[in-house]
Each structure stands twice: as structure tokens, then as C-alpha cells.
Amino acid sequence: MTSTLTAVLAGCNAGTADAGGGEAKTIGLVRFSGSDVYANSALDAIAAYGKSKGWKITEVDANGSVDSANTALTNLATKGVDAIAISVFPTEALASGVASAQSAGIPVANWGGGLGSGVPIAADVSVGEPMAKRVVDDLGSEGALLALGYRPGLPCQRREKALDDAVKKTDIKLEAQQITIPGQVESADKATQAWAQAHPKGGKLAVWSCFDDPATGAVAALQQLGRSDVMTYGLNGTAEALSLVKAGKLTATEWIDGPSQGREIAKLMEKYWAAPKDFKPVEIDGDYKIIDKSNVDDFLAEHPELRK
């Protein structure tokens, strides 16, 4: 951070101190969407870590709009925060907002959106290959598959590519449908109903969603149609999805430890502040596990925070 900005921040934060006795930091959080439970769990972890250190947290909900996200980044940079964390939006789509932060000497961390100029910290949350393989194996490399994607989000981009790559080697007939955010559950419900009505019972059928929210919409649609012959899959491992797996309504979800990634991002921010010129850009990975009926009870026993 430049000496001029440091002086400005010192004036803004006069009289406050972090848990270590130093000047309190101010962190800006730009949420992809207030309705995205999983992405919010990662930013919540950053906020919780920051509060434990005495940091001030400023939050903005972009409501799934990249324009709003860029505006939020610019506004937070103008306010002189010490760092910004954003979720899901690809870094390449945040050029104007990141440029504002970069010119002010403010590091941006992107959970799920990738590294880039002005974004020295990121978390890869795609991990799409394991679930893609599971879907292909369950279908026996044949049948029909509906893929509910969301291309504005980098995690969904990567996950959809992993699915496409896996399906290319099979006889599976893949149909892709892009859902909307906000309204991901409703749009998935509508898309699944239309697809299911065009694919009567008989043969192997499945619906894959690039994250859990649309998967809950797909499950709801199939229940409304009285269809129990269609396998369903999600990714992220939200409490809602896990409850559906336990009830036998969702075939499987892939849990990815987003909150742990959030805490690691916060720690990397501290490392950046300690020596900005020496900091090397880093994109962290995350633990994952595919959860289905066979292991959901054991998993929930290990993770009671995900019980619904």
C-alpha cells in the first residue's frame, strides 16, 4: 500500500486496534449473490476471522451482476479499505474494479474467480472432474443428461468444461441449459420440467447442476412430475443439498471446503500486508468429498454445522 493511502487509512481508523495491538484493518467483501449460500460461507469465514482480529468488515451484495461488482470494487477502493475479497466473478470480468483497487495499492482476493493483475490471492473451487466422472459412471456412459450451468461464474465454467470433457468420450446425449442468478432454483425447476417431459421414463437419465442451488430446483421439478427415475447431482455440499441426499432425493453432491479456503484467504491477506513487495501470487486448493446415500450420515456426524 502506498504511503499516501496508509496515511489516509490511519486517519480513518484512528482510535481502533486489531487483536494484536496494531492498527485495525478494514476489509471489503463483495458477495456474488446474497442467495448463494455456498459462496457466502467462504466470505463469512473471512469475516469471522477478521472480526476475531478486530478488523472492520464492509459488505456489498452484487446480486449476480458483474457491473455491480465492478462498481463495488471501485467504491471500496475509494473508501480506502486495506483489502477486498470477492467471490465467483471471473477476475478477467472485473478489470475496471480491480484496476481501481490496484491503483490505490489495495490487494484483491478472488474466491473462485482466479488470479490476475491486481488479484494476488485466489481460491480454486471448481474441482469438477470427480463429479463428472461419477455422473458418467452412474449413467454407464450412455443415456441422456441435462447440464444446468452458469457461464458468468468461473467455478461453473470450469465445472461445465470438466463435464463436457468427460461426456465427449461416451454415448451420453448431453443437453446444456444456462440458469439465471438470482432465481437459480426457479430457473432450474423450469428447465428440468421441460427436459424431463421431453424424456419419458425408460433408459438412463440424469440432471447435473454446476452448484447445489439449481440441483434443489431440479429435485423439486422431478418431484412435481412424480419422476423417481432421474438421477440428480450437485456440487458444493450445502446443508440443503446434504439434507436431500439423506432423504434419497438428490443422488449425490460434492462437498468442497469453502469456509476453510476463506480462512486461508484471510491469513494470506495478513501475509500480504506484512511484505507486499515479496508476496507471490497464490491460488489455493480445497478439500473435497463426494457425498451420497452411502456416506451422508457419517459425513454429517463429522460436520454437524451442515445439518439442516
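Hi everyone, let me start in helix H5, residues 129-139, where Arg 134 and Asp 138 sit 4 residues apart, which puts about one helical turn between them. Before I go on, please keep in mind that this is a predicted model. Those two side chains form a salt bridge, and the closest N and O atoms are 2.8 Å apart. As for Asp 138, its relative accessibility is 27%, so we call it partly exposed.

Now, which other residue does Arg 134 meet in a salt bridge? That partner is Asp 292, at 3.0 Å from N to O. Here the sequence separation is 158 residues, because Arg 134 belongs to helix H5 while Asp 292 belongs to strand S12, residues 288-292, and the pair ties those parts together. Asp 292 has a relative accessibility of 13%, so it counts as buried, the cut-off being under 20%.

Let's stay with charges for a moment. How many salt bridges does the structure hold? The count is 15. One more that I'd like to show you joins Arg 31 to Asp 44, with 2.7 Å between the closest N and O atoms. Arg 31 is in strand S1 (residues 26-31) and Asp 44 is in helix H2 (residues 37-52), so this bridge ties together parts 13 residues apart in sequence. Is Arg 31 buried or exposed? Buried, with a relative accessible area of 10%. Asp 44, by contrast, is partly exposed at 39%. Glu 59 joins in as well: Arg 31, Asp 44 and Glu 59 are linked in a network of salt bridges.

On to helix packing. Helix H3 (residues 66-79) packs with helix H4 (residues 95-103) at about 10°, and the axes are 7 Å apart. Angles under 35 degrees count as roughly parallel, so that is how we describe H3 and H4. On the H3 side, the contact is made by Asn 70, Leu 73, Thr 74 and Ala 77. H4 brings Ala 95, Ser 96, Gly 97, Val 98, Ser 100 and Ala 101. Sorted by class, this contact has 5 nonpolar and 5 polar residues, and no charged ones.

Last stop, helix H7, residues 184-198. Its 15 residues reach 21 Å from first to last C-alpha, close to the 21 Å expected at 1.5 Å a residue. Among its buried residues are Ala 188, Asp 189, Thr 192 and Trp 195. And what do the buried residues of H7 pack against? Strands S6 (144-149), S7 (173-178), S8 (205-209) and S9 (230-236), together with helix H8 (212-224).

Conventions: Residues are numbered from 1 along each chain as its sequence is written. This is a predicted model: local features need pLDDT of at least 70, side-chain atom pairs count only at pLDDT 80 or more; totals for chains, interfaces and linings use all residues. Side-chain values use heavy atoms; hydrogens and water are left out. Helices (H or I, at least four residues) and strands (E, at least two) are DSSP runs, numbered from the N terminus. The expected span of a helix is 1.5 Å times one less than its number of residues. Buried means under 20% relative accessible area, exposed over 50%, partly exposed in between (1.4 Å probe, protein chains only). Contact means heavy atoms within 4.5 Å. Axes are lines fitted to C-alpha atoms, for helices over the stretch in contact, and angles run from 0 to 180 degrees between N-to-C directions. Angles under 35 degrees count as roughly parallel, over 145 as roughly antiparallel, 65 to 115 as roughly perpendicular and the rest as oblique. Ala, Val, Leu, Ile, Met, Phe, Trp, Tyr, Cys and Pro count as nonpolar, Asp, Glu, Lys and Arg as charged, and the others, Gly among them, as polar. A salt bridge is a side-chain nitrogen of Lys or Arg within 4 Å of a carboxyl oxygen of Asp or Glu.
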